[in-house]
Amino acid sequence: MVLGRRCHRYVDPRKLDVTEALRRIASPSFYFGLTDRWDESICLFHYWYGGDTQPFELLNNRPTKRLDMSADEDELDRELADLDTVFVAGAKQIFEERLKIAGC
């Protein structure tokens, strides 16, 4: 979606440019957070857009049951590293840099 594609539509992976996607989210005008780092994402949101963090923003309103992967599934996941894996790793780096700047 960062590259302008519609959600849930198949796109040939050869047409997806991870470098361009990371360039776009690194833009000073592009805010993003990480759901598994919710509290820090909210802190960064308020640094970015202003206002104070409210207690209700930190509540988990949509809890899920996270299933641990078996060792076999974990190994398979490592073997099938794909564009998303590369993108998420780059996004986490950008996120960490922004957290440091924001003091979150």
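Student: What makes up the lining of the largest pocket, by class?

Tutor: Keep in mind that this is a predicted model. By class, 12 lining residues of the largest pocket are nonpolar, one is polar and six are charged. Met, Val and Leu count as nonpolar, and Asp as charged. Among the 19 lining residues, Met1, Val2, Leu3, Leu16 and Asp84 lie nearest the centre of the pocket. Met1, Val2, Leu3 and Leu16 therefore belong to the nonpolar class, and Asp84 to the charged one.

Student: Which elements give two or more residues to that lining?

Tutor: They are α1 (18–25) and α4 (83–102). The largest share, three residues, comes from α4. The volume of this pocket is about 530 Å³.

Student: What makes a residue part of the lining of the second largest pocket?

Tutor: A lining residue has an atom within 4 Å of a point of the pocket. Thr35, Trp38, Asp39, Phe56, Glu57, Leu58, Leu59, Asn60, Asn61 and Arg62 line the second largest pocket, so each of them meets that cut-off. By class, four of these are nonpolar, three polar and three charged. The space in this pocket is about 320 Å³.

Student: Now to α1. Why are Val18, Ala21, Leu22 and Ile25 called buried?

Tutor: Buried means under 20% relative accessible area. Val18, Ala21, Leu22 and Ile25 are buried in α1, so each falls under that cut-off.

Student: How do you know that the buried residues of α1 line one face of the helix?

Tutor: Look down the axis of α1: its buried residues fall within an arc of 95°, so one face of the helix holds them. What covers them includes α4. Thr19 and Arg23, on the other side of α1, are exposed.

Student: What does Asp17 do at the start of α1?

Tutor: One of its side-chain oxygens reaches to within 3.1 Å of the backbone nitrogen of Thr19. The cut-off for a polar contact is 3.5 Å, so this pair lies within that distance.

Student: How many helices and strands does the chain have?

Tutor: There are four helices and zero strands, and the pattern along the sequence is α-α-α-α. Of the 104 residues of the chain, 19% count as buried.

Student: What share of the contacts with a separation of 6 or more comes from residues 24 or more positions apart?

Tutor: Such residues account for 54% of those contacts in the chain.

Definitions and conventions: Residues numbered from 1 in each chain as written. Predicted model: local features only at pLDDT ≥ 70, side-chain atom pairs only at ≥ 80, totals over all residues. Heavy atoms only, no water. 1 Å grid on protein atoms, 1.4 Å probe; cavity = no way out; pocket = protein on both sides within 12 Å on 5 of 7 lines; lining within 4 Å. Points joined across faces, edges and corners; volume = space filled by probe spheres on them. Buried < 20%, exposed > 50% of the residue type's maximum accessible area, 1.4 Å probe, protein only. Arc of directions from axis to C-beta. Contact = heavy atoms within 4.5 Å. Polar contact = N/O pair within 3.5 Å; in protein donor to acceptor, adjacent residues only side chain to side chain.
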